[in-house]
Amino acid sequence: MTGVVGQMPLGAAAACAGAAIWLWGGPHAAPRRAQLLLAGGGVVVERPPPWWGLDDVSRRLRGRWRPEWWSPVLGLALGLLGGSALPVVAGVAGVPLLSRMRRARSQRRAAERRADEVIALCAALAGEVRAGRQPGEALRLAARQSGGLGAAGLGAAQASVLAAARFGGDVPGALAAAARRPGADGLLGLAACWRVAVDQGAGLAAGLDRLEAALRAERDQRADLRAQLAGARSTAVMLAGLPVLGLLLGTALGADPLHVLLHSGVGLGCLVVGGVLEGLGMWWAARIVRGAEGE
């Protein structure tokens, strides 16, 4: 009876791991990937889902599942293995932090897509102006063809810019207002080109070409810097994962490090100090990387 009770935490942890694998890839993910790999470009006929609808349920769960929700799952597994509630509390407390990181990453990707759409808008607008269209009509056609305003996620700013272009309003002012969104600062250059071309009669297409080249060069420079900093990020992540590797090695050697950390005063002190130092190290490494990217 004692052996059965001792195996309950391991069984619960295995159940959590099985649920994670189910949500990550689905019950038939591995056979489906093998079929697609061996198909050789042919068509693979998908079998209909079973009558109990597990495929549909797992697909819906994966669509609604957030990466930060793995934190309490992992905390629950560690709590069952270590026989303590501290990992569960830490896992629940880590959800807001991970959610904030996910939102920041999503905002950064949205800003990058917005910058790409502004570049596409400048290129399309230059082509329409060279085709002999008036600036207002050219802006409307370029925004419709390239998606540079709507796909850039500018929202109500798109309507104000297009309305100003259609009815002879303050197009540079509308573009400057739209440039306040992250990643859309290239619209400030477009507003300057528009103002110079309309007020002083300068060539709008030539200015747009120079603006597009400058925005592309800036984007390529950011991409090159990000590639150079990838090694630093990987090193920081690898160093942050060394304590986990130490715990795994201690468990393999039969030292039971989780019991020492969670059920002794010295272990709890080491856990708190180590967690604080780990967090400070990750924060400092991220601060250095962000500083390099900002420069």
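## A residue in a loop

Where is the place of Asp256? In this predicted model, Asp256 sits in the loop between α11 (242-252) and α12 (257-262). Its backbone is worth a look: Asp256 has a positive phi of about 55°, although it is not a glycine. With a relative accessible area of 43%, Asp256 is partly exposed.

## The overall layout

Now step back to see the whole chain. The protein has 13 helices and zero strands. If you walk along from the N terminus, the elements read α-α-α-α-α-α-α-α-α-α-α-α-α.

Of the 295 residues in the protein, 27% are buried. Contacts can also be sorted by how far apart the partners are in the sequence. Among the contacts with a separation of 6 or more, 57% are between residues 24 or more positions apart.

Let us turn to the inside of the protein. In soluble globular proteins, nonpolar side chains tend to be buried together. Here, the largest nonpolar core has 32 residues, and those with the most contacts inside it are Leu125, Leu139, Leu187 and Leu190. The elements that each give two or more residues to this core are α5, α6 (135-146), α7 (156-167), α8, α9 and α10 (204-240). Helix α5 provides the largest share, eight residues.

Which residues does Leu139 touch, leaving aside its neighbours within four places in sequence? Leu139 is in contact with Leu121, Leu125, Val161, Leu162, Ala165, Val171 and Trp194. One of these partners, Leu125, is also among the residues with the most contacts inside the core.

Helix α5 covers residues 86-130, and Glu128 is found in it. Is Glu128 buried or exposed? Its relative accessibility is 8%, so Glu128 counts as buried. The side chain of Glu128 is joined to that of Arg133 by a polar contact of 2.6 Å. Setting aside neighbours within four places in sequence, Glu128 is in contact with Arg133, Ala138, Leu141, Ala142 and Gln145.

Next, think about cysteines. A disulfide is a covalent bond between the sulfur atoms of two cysteines. How many disulfides are there here? The count comes to zero. A disulfide would need the two sulfur atoms to be within 2.5 Å. Cys122 is buried, with a relative accessibility of 0%.

## Helix α8 and its buried face

Helix α8 spans residues 171-178, and its buried residues are Val171, Pro172, Ala174, Leu175 and Ala178. Looking down the axis of α8, you would find these buried residues within an arc of 160°, so they line one face of the helix.

Leu188 lies in helix α9. At a relative accessible area of 46%, Leu188 is partly exposed. Leu188 and Ala178 are 10 residues apart in sequence, while their C-alpha atoms are 8.6 Å apart in space. Apart from neighbours within four places in sequence, Leu188 is in contact with Ala176 and Ala179.

Val196 also belongs to helix α9, which runs over residues 186-200. Its relative accessible area is 39%, so Val196 is partly exposed. Between the C-alpha atoms of Val196 and Gly207, which are 11 residues apart along the chain, the separation is 9.1 Å.

## A pair of tryptophans

How many aromatic pairs does the count give? The count comes to one aromatic pair. Its members are Trp283 and Trp284, whose pairing is tilted, with 6.0 Å from centre to centre and 50° between the planes.

Methods. Residues are numbered from 1 along each chain as its sequence is written. This is a predicted model: local features need pLDDT of at least 70, side-chain atom pairs count only at pLDDT 80 or more; totals for chains, interfaces and linings use all residues. Side-chain values use heavy atoms; hydrogens and water are left out. Helices (H or I, at least four residues) and strands (E, at least two) are DSSP runs, numbered from the N terminus. Buried means under 20% relative accessible area, exposed over 50%, partly exposed in between (1.4 Å probe, protein chains only). A polar contact is a pair of N or O atoms within 3.5 Å; within protein, one must be able to donate a hydrogen and the other to accept it, and residues adjacent in sequence count only if both atoms are side-chain atoms. Contact means heavy atoms within 4.5 Å. The arc is that of the directions from the helix axis to the C-beta atoms. A nonpolar core is a set of buried Ala, Val, Leu, Ile, Met, Phe, Trp, Tyr and Cys residues joined through side-chain atoms within 4.5 Å. Rings of Phe, Tyr and Trp (its six-membered ring) pair if their centres lie within 6.5 Å; planes under 30 degrees apart count as stacked, over 60 as edge-to-face and the rest as tilted.
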